[in-house]
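These are my notebook entries on a two-chain model, kept in the order in which I looked things up.

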Amino acid sequence: MGFPDRIERTVELAHPPAKVWAALTTAEGLGTWFGNQATIDLHPGGSARMTWTAGHIADMRVERVEELTVFGFTWHIFGLPDDDPRRTYVEFTLEPVGAGTRLTVVETGFAQLPEDAHHKAFDGNTQGWASELGELTDYLDAA
Amino acid sequence: MPPDIEAIAEQVFVALADPTRRVILAALASDGPATATDLATRLPITRQAVAKHLGLLAEAGLVTAEPGERRRVRYRLCSAPMQVAQQFLAAMARDWDGPLEALKYRLDRDADERTATT
C-alpha cells in the first residue's frame, strides 16, 4: 500500500492564461465552476471561502500569488474533523501553450502528521473525552 | 513522510476488515470505554472472541487498556491511528477531475456565448 501524499492533474485549456487566471482567482470565477459562491482576498495571507448550496464550506488561505502563473492556497484536509489543524497545499500553475493554457494542479500534504501524532498514536491517548468531560463537569460544578 | 504512517494506516484497515472488530470499535466509539465482559454482554460475541479481538486491537494501538472499576480492565478507543487512516481516505476521496472538467466546460461555454453574441 502506498500512502498518497500528492495528487497532480494537468489539463489543456483552449483559453489564454488571463482567462484561466480570472477563473481561478476571482470570486466570480471560483463561485461558478468550483463553489456555488465565493469570496477571495487575493494576496499571500488573504482568506478565501467557497460555499456550496448543499451547505458545505471551504475556507482557504491564499499562500502564493504570481500573476498569471502561480496561485497557491492551503485548506483543511477533507474528511478530518473541523478542528484538526492539518492542511493540504494546493498549487495551480498556468503555462501558455499556443493560444491556450496548460493548467496543472498539485495538492500535497495528505500524509503529514501533526507534531504529537506519533506520540499519540502509540502512547495510547488516555486523555481525550474523559478529561474534556471532566473539565466540563468541573466548570458546571463551579458555576 | 514519516515511514510509520503507512504502517499505522494499514493496521487501521486490517482492523476494520473484520466485521467483529468493526462491531467492537463501533461500540467503543458510540458508548465509550467498556470491559471485555460489558462488550460480550452487549454484543452477539463470546467473551473469548471479544478478548482475542481486543488484544489484537490493543497491539495495533486502536484501543488502550486502562484500570476500571473493581480492578477490571476497561478498553478505550484510541482515535489517533484513525485520523492517520482518514488522511489516506481523504487523498482517495479528493476529486480534482470533477472540478477541472467543470472549469473547462465553463470556459468553453463562456467563449461560445461571446462568439454567439458578437
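**Cores**

I looked up B:Ala9 and found that, leaving aside its neighbours within four places in sequence, it is in contact with A:Phe3, B:Val84, B:Ala85 and B:Phe88, where contact means that the C-beta atoms of two residues, placed from the backbone, lie within 7 Å. I note here that the model is predicted, that local features need pLDDT of at least 70 and side-chain atom pairs count only at pLDDT 80 or more, while totals for chains, interfaces and linings use all residues. Residues are numbered from 1 along each chain as its sequence is written, and chains are lettered from A and ligands numbered from 1 in the order in which they are written.

I then listed the largest nonpolar core, which has 30 residues, and in which B:Ala9 and B:Val63 have the most contacts. The elements that give two or more residues to this core are H1, H2, H3, H4, E3 and H5 of chain B. A second, separate core has eleven residues, among them A:Leu13, A:Leu24, A:Leu94 and B:Leu107. For the record, such a core is a set of buried Ala, Val, Leu, Ile, Met, Phe, Trp, Tyr and Cys residues joined through C-beta atoms within 7 Å. I count a residue as buried if 20 or more other C-beta atoms lie within 10 Å of its own, as exposed if 12 or fewer do, and as partly exposed in between, with C-beta atoms placed from the backbone. As background, nonpolar side chains tend to be buried together in soluble globular proteins.

I took helices (H or I, at least four residues) and strands (E, at least two) as DSSP runs numbered from the N terminus. The 14 residues of H5(B), residues 80–93, should span 20 Å at 1.5 Å a residue, and the end C-alpha atoms are 20 Å apart, which agrees; the expected span is 1.5 Å times one less than the number of residues. The buried residues of H5(B) include B:Val84, B:Ala85 and B:Phe88, which are also among the contacts of B:Ala9.

H4(B), residues 47–59, has 13 residues and reaches 18 Å from its first C-alpha to its last, close to the 18 Å expected at 1.5 Å a residue. Its buried residues are B:Val50, B:His53, B:Leu54 and B:Leu57. Seen down the helix axis, these buried residues fall within an arc of 105 degrees, so they line one face of H4(B); the arc is that of the directions from the axis to the C-beta atoms. On the other side of H4(B), B:Gln48 and B:Glu59 are exposed. The buried residues of H4(B) pack against helices H1 (4–16), H2 (19–31) and H3 (36–42) and strands E2 (63–67) and E3 (73–77) of chain B. Just after H4(B), B:Gly61 takes a positive phi of about 80 degrees.

**Sheet of chain B**

I found an open sheet of three strands in chain B, with the order E1-E3-E2 and antiparallel pairing, where two strands pair if DSSP finds at least two bridges between them. Strand E1 (34–35) and E2 of chain B stand at the edges, each with a single partner strand, so one side of each is left without a neighbour in the sheet. E1(B) and E3(B) pair over two bridges, and B:Ala34 stands opposite B:Tyr75 in E3(B).

**Chain A and the interface**

Chain A has four helices and seven strands, and of its 143 residues 23% count as buried. E1(A) and E7(A) pair in the antiparallel sense over eight bridges, with A:Val105 in E7(A) as the bridge partner of A:Arg9. Nine bridges join E6(A), residues 87–97, to E7(A), and these two strands run antiparallel. They form a hairpin with two residues between them, and A:Gly98 in the turn has a positive phi of about 60 degrees.

I also checked A:Leu68, found in the loop between strand E4 (57–66) and strand E5 (70–76) of chain A. Phi of A:Leu68 is near 65 degrees, a positive value in a residue other than glycine.

Last, I looked up the contact between the chains, which takes 32 residues from chain A and 35 residues from chain B. On the side of chain A that touches chain B, the largest share, five residues, comes from H3(A). The residues of that side divide into 20 nonpolar, seven polar and five charged, with Ala, Val, Leu, Ile, Met, Phe, Trp, Tyr, Cys and Pro counted as nonpolar, Asp, Glu, Lys and Arg as charged, and the others, Gly among them, as polar.
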